[in-house]
Amino acid sequence: EDVAMKDISKKYTNSLNFQQEMRVMLYTRSKGGHPHVCSLREHFDSKHSYYVILDYIGGGEMFDHMINNGAYSELDASRIVREVASALNFLHGIGVVHAVLKPENILLTTPRRGDAVVKLADFGCAQVLRKTEEFDDDDLKPTFGAPTPAYCPPESILKTAPIQPSSDMWGLGVILFIML
């Protein structure tokens, strides 16, 4: 079985952010995962690096597909939006907000648009909104601000409301606009 392995040097990684991302990915896996969310298979910690084993997703980023091939057809765009919305429904249902939804974090399983399956990736800014066994009250500080302003709602940019599920939905709307 093909998998992807990331070798992440500890000297280039903010360990607190990395640990938060790993905890979100482990939490997502503990809830059964989702076919449209990149799955964490395994992880290892060595003296100088973190090793993360993930699903292999060979089609590249949606961003690159749009740059190289232009706009999506309404049929392909509707299918991809449906798959991303399904992934977000799962994440929001378990209390996770992706928080940095953009075409660079939507990976496609194949370079062929018509049969590519979507996988959401990059949980480095993900927020957990409710207390769980894995996340206690100290971990649940609301985050204000816009990780990627072009895909965030006005309240995130103005810092008048914390990142919440509606932030992901706004980002999905911007992505749909760009796709078409």
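A residue is classed as partly exposed when its relative accessible area falls between the buried range, under 20%, and the exposed range, over 50%. By this criterion, D115 is partly exposed in the predicted model, with a relative accessible area of 41%. Its salt-bridge partner is R112, the closest N and O atoms of the pair being 3.3 Å apart. R112 has a relative accessibility of 51% and therefore counts as exposed, the cut-off being over 50%. Salt bridges with shared partners also unite E1, R41, D55 and K119 in one network.

In total, the structure holds six salt bridges. Among them is the contact between E1 and R41, in which the closest N and O atoms lie 2.8 Å apart. Because E1 belongs to the segment before strand 1 (3-9) and R41 to strand 2 (residues 40-45), this pair ties together parts that are 40 residues apart in sequence. With regard to accessibility, E1 is exposed, at a relative accessible area of 79%, whereas R41 is partly exposed, at 32%.

A further salt bridge joins the side chains of K10 and D45, with an N to O distance of 2.5 Å. This pair likewise links distant parts of the chain: K10 is located in the loop between strand 1 and helix 1 (15-30), D45 lies in strand 2, and the two residues are 35 apart. K10 counts as partly exposed at 26% relative accessibility, while D45, at 55%, counts as exposed. Strand 2 thus contributes R41 to the bridge with E1 and D45 to the bridge with K10.

Terms used. Residues are numbered from 1 along each chain as its sequence is written. This is a predicted model: local features need pLDDT of at least 70, side-chain atom pairs count only at pLDDT 80 or more; totals for chains, interfaces and linings use all residues. Side-chain values use heavy atoms; hydrogens and water are left out. A salt bridge is a side-chain nitrogen of Lys or Arg within 4 Å of a carboxyl oxygen of Asp or Glu. Helices (H or I, at least four residues) and strands (E, at least two) are DSSP runs, numbered from the N terminus. Buried means under 20% relative accessible area, exposed over 50%, partly exposed in between (1.4 Å probe, protein chains only).
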